[in-house]
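I opened this entry to look up two things.

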Amino acid sequence: MRANPSDYELVAPGSLAAVVSLLAQEPGVWLPIAGGTDLMVLYASGRLAACRLVSLWNLPELRQIEVAGDELRIGAACPYTDLRENEIVCLEFPLLAKAASWTGGIANQNRGTLGGNIVNASPAADSLPALLVYEAELILISRRGERRIRYVDFHTSYKKTILAPDELIRTICLPRRYAGYISYSRKVGARNAQAIAKVCVAALGQSENGVVNDIRIAAGSVAPVPLRLRETERVLRGKVIDSALVSQAKRIVASEISPIDDIRSTAAYRTAVLKNLVGEFLLELDAGGRRA
Ligand SMILES: Cc1cc2nc3c(=O)[nH]c(=O)nc-3n(C[C@H](O)[C@H](O)[C@H](O)COP(=O)(O)OP(=O)(O)OC[C@H]3O[C@@H](n4cnc5c(N)ncnc54)[C@H](O)[C@@H]3O)c2cc1C
């Protein structure tokens with residue numbers, strides 16, 4: 001059933017301080033809306049429970065991408081188009097730039113925001129594995145002040161997060177320490193744009209003469225939350241990449257994930273694909289380390 005517009009109220013207070021103050025006055029009553037690309041789908045299908053929306057769109061405090069010391073700070077309401085066109089994001093955080101270019105079509109990238117992707121908390125979201133491997137941190141803001149948390153701690157279970165009802169994500173912080181790393185990402189779906197991933201993966205690594213010095217692998221659509229494959233990483237670190245190690249890594253990948261059967265794919269297919277993607281990444285990491 002379609003929603004009735006007259007049941008809804010949308011306000012745009014125009015500054016971050018005013019939005020934060022409104023959320024504090026009536027916690028849980030006002031729902032933030034940034035680009036609206038997730039919320040408007042719910043609205044259009046009559047499934048948007050919240051009737052009072054407060055806009056984050058075009059608040060300058062939430063739209064900047066800026067260098068602060070040894071990190072890049074991305075405003076939570078920064079749309080994908082700004083991300084994939086930003087020089088530092090493209091050069092230093094290519095996994096995020098690529099995920100931004102995969103998120104829907106151009107219209108969606110002009111409206112959809114990184115903060116919205118995080119809070120919507122889909123385990124299939126494209127940008128979230130990249131945030132896990134870059135070890136992003138989030139600055140959350142409310143009238144009580146700011147708190148800084150590790151992104152990896154944000155999702156507690158399927159579609160559940162630690163965000164309080166009066167809180168916003170203000171900034172996504174990325175440490176600038178990945179020069180020289182090999183980056184790898186794949187989205188496996190009906191197609192790259194305009195399709196939800198059956199499996200997506202983002203990985204980073206450094207190797208020398210075939211030995212893995214550092215490695216980070218994260219995947220989407222294989223667990224209730226976007227998942228960092230810590231055990232696989234642990235087994236790979238310090239080892240020489242050969243066919244035995246690749247086979248071992250694939251076995252551990254399968255033991256770390258808990259994919260489901262749904263309308264887009266099956267658990268068996270998701271497992272097989274992720275194992276193959278990790279294998280492909282290890283071969284690229286090995287080749288890249290020998291070229292360097
Ligand atoms: C046609 C189409 C294609 C799409 N394709 C993809 C795709 O390929 N990959 C993918 O990952 N996603 C895709 N999406 C989903 C969507 O575009 C993304 O999740 C997007 O990042 C959501 O951002 P938004 O600003 O539009 O969020 P909104 O819809 O505005 O909000 C989403 C949620 O986040 C909350 N929120 C937003 N910003 C903040 C903040 N700063 N602090 C606290 N809460 C906040 C809102 O309250 C709401 O709960 C697609 C959507 C559509 C309609």
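**Helix pair**

I started with helix α10 (residues 243–256) and helix α11 (residues 267–291), which pack at an angle of about 145° with their axes 9 Å apart. The model is predicted, and I read it as such. I then looked up the handedness: α10 and α11 cross in a right-handed sense.

Which residues meet in this pair? On the α10 side I noted V246, A249, K250, V253 and A254. They meet T271, L274, K275, N276, V278, G279 and L282 in α11. By class, the residues of this contact of α10 with α11 are seven nonpolar, three polar and two charged.

**Ligand shell**

Next I turned to the ligand. It has 31 residues around it, and P32, T37, D38, Y80 and T113 come nearest. I sorted the shell by class and got 16 nonpolar, twelve polar and three charged residues.

Which elements supply at least two residues of the shell each? I found β2 (30–33), α2 (39–44), α7 (114–120) and β10 (168–175). The largest share comes from α7, with four residues.

I looked up distances from ligand oxygen atoms. For T113, a polar side-chain atom lies 2.6 Å from an oxygen atom of the ligand.

Last, I checked cover. On its own the ligand has 980 Å² of accessible area, and the protein covers 87% of that.

Technical notes
Residues are numbered from 1 along each chain as its sequence is written. This is a predicted model: local features need pLDDT of at least 70, side-chain atom pairs count only at pLDDT 80 or more; totals for chains, interfaces and linings use all residues. Side-chain values use heavy atoms; hydrogens and water are left out. A residue is near a molecule or strand if one of its heavy atoms lies within 4 Å of it. A polar contact is a pair of N or O atoms within 3.5 Å; within protein, one must be able to donate a hydrogen and the other to accept it, and residues adjacent in sequence count only if both atoms are side-chain atoms. Accessible areas come from the Shrake-Rupley method with a 1.4 Å probe; for residues, only the protein chains shown count as cover. Ala, Val, Leu, Ile, Met, Phe, Trp, Tyr, Cys and Pro count as nonpolar, Asp, Glu, Lys and Arg as charged, and the others, Gly among them, as polar. Axes are lines fitted to C-alpha atoms, for helices over the stretch in contact, and angles run from 0 to 180 degrees between N-to-C directions. A crossing is left-handed if the near helix is turned anticlockwise from the far one by less than a right angle, and right-handed if clockwise. Contact means heavy atoms within 4.5 Å.
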